2 protein chains.
Amino acid sequence: MASLDYFEDEEYPPDLSEDRLISLVSQIKDWQINHGSLLKRVHSETENSVLSHPVGCFPSAFPRERFQQAVEVQEIFNKLYCSIAEDEDLIYNTIKDLLPVEPLAKALWGIHEAARDAGYVQDISAGVFRSDYMLHLEGNPSKELTRDISKTQLKQVEFNSFSCSGFSHANKVANMHRYLARNGSYDVNEKPFPIDSLPKNYNIESIARLLTSAHLKYGPPRSKLATHTAVLFIVQPFNFNIADERPIEYALWNQDDSVPNYRLDFPDIIEYTQLTEERALLFHPPWLPSDKPVEISVIYQRAGYEASEYENSGFDARFQLEKSTAIKCPSVLGHLTTFKKVQQALTVPGVLERFLKSSEIARIRETFVPVLPLDESTAGLEARQIACDVERSANYILKPSLEGGGNNIYGNAIPAFLNSIATSEWSRYILMEKIHPPDANNLLMGPACLDGGKTVSELGILGCCLWQKSKTQQSDTRCDLLHNSVGGWTFKTKYSDIDEMNVVKGHGCFDTPRLVDF
Amino acid sequence: MASLDYFEDEEYPPDLSEDRLISLVSQIKDWQINHGSLLKRVHSETENSVLSHPVGCFPSAFPRERFQQAVEVQEIFNKLYCSIAEDEDLIYNTIKDLLPVEPLAKALWGIHEAARDAGYVQDISAGVFRSDYMLHLEGNPSKELTRDISKTQLKQVEFNSFSCSGFSHANKVANMHRYLARNGSYDVNEKPFPIDSLPKNYNIESIARLLTSAHLKYGPPRSKLATHTAVLFIVQPFNFNIADERPIEYALWNQDDSVPNYRLDFPDIIEYTQLTEERALLFHPPWLPSDKPVEISVIYQRAGYEASEYENSGFDARFQLEKSTAIKCPSVLGHLTTFKKVQQALTVPGVLERFLKSSEIARIRETFVPVLPLDESTAGLEARQIACDVERSANYILKPSLEGGGNNIYGNAIPAFLNSIATSEWSRYILMEKIHPPDANNLLMGPACLDGGKTVSELGILGCCLWQKSKTQQSDTRCDLLHNSVGGWTFKTKYSDIDEMNVVKGHGCFDTPRLVDF
């Protein structure tokens, strides 16, 4: 793998003495304990056993120009995805082949149809998006170091529009690296670490602000029965990510104009909510202080992304949310935009033109790698040829529509995998050209290891949106953007020789970019 | 035990439904994990195992009038103890009987003598004090409820002037209770919890501010060898209280005008520090980024309160600190003021008059319970009569000079205890009349239990001081107060039938007062 020559005359990360390394590791642990940067939570009445989440010991180097590019293109991506979320036809055409083979797609589309037939009563939606990128070094990777940043491109791994996570962790890790940089832990040879190379991170505040905007947009309760309005966090029971979700709740409560918010496990939706005649969503769990219910203004979804959640009453539950007057973050059509099939559809000539101006299109398109379908279209049949060829498939990744990663098949393992499943299932997948990120170096610290090596990082950009379905339905004015901003970023780093980036499953860690000018 | 009738027509804490209680407990755990309110830390390279510290589920009721009284008398207590810290004669006369029998007193006095003989080179000291109080219900406790607050007095348990802890925990618990109060967890019957009844807590900020003042007062480095000045936190190795110490360090680093600070284990003082010719204290551990040392402006002591620490090189270590130009928080004479013998001496007529005006004296004296020596003075011999009498001793507590509690003997266990030790050791102890606090009610949550019952609370007031030895040595102007303020409070609650209040050892928990007007 090629490396980027970030630091001509500097070794980075520095080769710390054992004493300094021990001190650094100890400071990282103390910081994480003191700031609640924890990942697992084990249920017990006697003891809370927690794991600190893995982290980069040093901020990993990343080109400032590419970081800026990712930030600056996000508002266009926000506009694009909000528009797609109001384009029922495009979404249907994109996912229809999934419906017979992909239970999650089937459930979600079915919920949309049911809500549409009942009549949607809320045309405003909210979005907390995350666009993920890696650097790509053109041509055949070689061992040659390079300081020519023009050869390195920003390429989109995927665009996430539903239940995006990691923002609170990123916010805290950024603060931790800043603290370590300030206290000299990274200084070498009298040279202080350049603190300006660390971007600031306000993710938690940004998301809280977006939810507040939506909450205020909803207005006062529509139902006379309700005591007040509140944001509802739909979460998975016993989930491991309370340290990523709770900070947003606390931020909302702590504001001078406190925004009330409550947590509800997805399986309990039917039991603890109900609709009024005008379909206001009332929330009445037994732990509320009052017998009177609360009316939900905004539904912030951190559950409902796994097919199994829609067995039993899950379908009715999500349907109830969708047909209510509450503002969904996001709507079920917005949820469907997160499918990789949509990512693939956007690479087809003419599709971006449906939503964006030409000046915007170029900036979006330059972040795309080729993404092919595996259906029975012309493009799909050609892609099947590649996928079934042991040599040609080496430069591709096979990705299912499923959320959450951990299900990709890499390179020349693809032909054997496709051989092992029914051909009728092939259209569930997309075939994506591999991104070839150049290496950096870092020391990564996890629960069971502390090790140095060649690393690659994935930059995520937080997009915060509030949009309203247009009254007219022409392409260019499909939706009105009430709020469109970049809220912050995430940064994950893994060893170069690991395929999968998935921090919560143990592959990779949270990190901060050290922005480098070339 | 009598109870105070805090709430005429209200049950407090409310009898929550099981659902509401489960929700409350879960919220408390999540809050503690997310905010680093943790007590134990187990060393391991693979996993950090931590315990949340015990906490009151609800803020415990406490009379506002008494809380205000404690806050308002603190500046006088600060002045008193800063003055005593500059009164070598009084300190010596008070502790001289301890010297043959109390190794800690002997070590500390020895260090003072050595530093005095070498010549003190820093006449400014800093203090982070904690004055602890309980309510006292006059007369024989009975089961009669009362709403007459004049019958309830504020009585001082003790005054701590060295290595006081609990301030960060208190700050966080106050924020937690405020969050729970805001989100309706304590609401009953449509009545919102009165948020104004919860005092705010800025302990961490106050202590950081005091250390910053001292650091700025020290000025630039005196030594050409040093890169910069910094505050040094002297701590115990593998200590359980990093979650109480670290927040102050982070606060200092996070200030716009960052105050550099470092941690040093007490046993490593000799190895990692040295004095210049003018006795500036240079700090040069192997984990500093530079080969050049740092000069210490302020020594914030969170270790050196146990006799065993002065075995081996501990004496030389503390001596080195004391004779340096660094500002000590506090000086060794300041440390000696924390001994219970001093508390006893202050009850002797004429002693307060040495330091305070008469208007100040009355307010101090009204917080004292009778405290008797057990030496061979007239008062001491009378006290011995009481202590050896199974009936009369019932209303007393025998307290040694040792720090940290856990060594008191209660009531009629005293005669047998005194019988079991040599009479020559008796002068190590003081005999203090019991305080009889009225009960409140609460649900206390610890690692191994969740239980309700009658409770009593101990209020601590944080005093922040910077003082300078006066040029003249007359009683009234013994020291000049450069800074004298109330920085905040702590509040600990335990079951009424437990004698000892010691959160870190498992007796009692951190809490917030719900201030009640009578």
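Student: Which residue is the bridge partner of A:V235 in β6(A)?
Tutor: Keep in mind that this is a predicted model. Strand β5 (residues 229-235) of chain A and β6(A) run parallel, and 5 bridges join them. In β6(A), the residue that partners A:V235 is A:D265.

Student: How many residues of strand β6 of chain A are buried?
Tutor: A residue counts as buried when its relative accessible area is under 20%. Strand β6 spans residues 261-265 of chain A and is mostly covered. The count of buried residues, out of 5, is 4.

Student: Why is helix α9 of chain A described as largely enclosed by the rest of the structure?
Tutor: Helix α9 takes in residues 314-322 of chain A. Among its buried residues are A:G314, A:F319 and A:L321.

Student: What does UniProt list for residues 230-336 of chain A?
Tutor: Over this stretch the chain is 29% helix and 27% strand, with its end C-alpha atoms 25 Å apart. The name comes from an unreviewed UniProt entry, which lists "domain: Glutathione synthase substrate-binding".

Student: How many aromatic pairs are there over all chains, and is the pair of A:F417 and A:Y429 stacked or edge-to-face?
Tutor: A search of the whole structure gives 48 aromatic pairs. For A:F417 and A:Y429, the ring centres are 5.7 Å apart and the planes stand at 75°. Planes over 60 degrees apart count as edge-to-face. The pair is therefore edge-to-face.

Student: How many residues apart in sequence are the parts that this pair ties together?
Tutor: A:F417 sits in helix α14 (residues 414-420) of chain A, while A:Y429 belongs to strand β14 (residues 429-433) of chain A. A:F417 is partly exposed at 22% relative accessible area, whereas A:Y429 is buried at 10%. The separation in sequence is 12 residues.

Student: What is the angle between the planes of B:Y81 and B:F159?
Tutor: These two rings form a stacked pair, 3.7 Å centre to centre. B:Y81 lies in helix α2 of chain B and B:F159 in strand β4 of chain B, 78 residues apart. Both residues are buried. The angle between the planes is 10°.

Student: Which residue lies over the face of A:Y12?
Tutor: A:Y12 belongs to a cluster linked by ring pairs, including A:Y6, A:F7 and A:F518. At 4.5 Å from the ring centre of A:Y12 is A:R514.

Methods: Residues numbered from 1 in each chain as written. Chains lettered and ligands numbered in written order. Predicted model: local features only at pLDDT ≥ 70, side-chain atom pairs only at ≥ 80, totals over all residues. Heavy atoms only, no water. UniProt positions renumbered as here; feature names shortened; annotations may be inferred. Helix = DSSP H or I, 4+ residues; strand = E, 2+ residues; numbered from the N terminus. Phe/Tyr/Trp six-rings, centres within 6.5 Å; stacked < 30°, edge-to-face > 60°. Buried < 20%, exposed > 50% of the residue type's maximum accessible area, 1.4 Å probe, protein only. Lys NZ or Arg CZ within 6 Å of the ring centre and 35° of its normal. Pairing = 2+ DSSP bridges.
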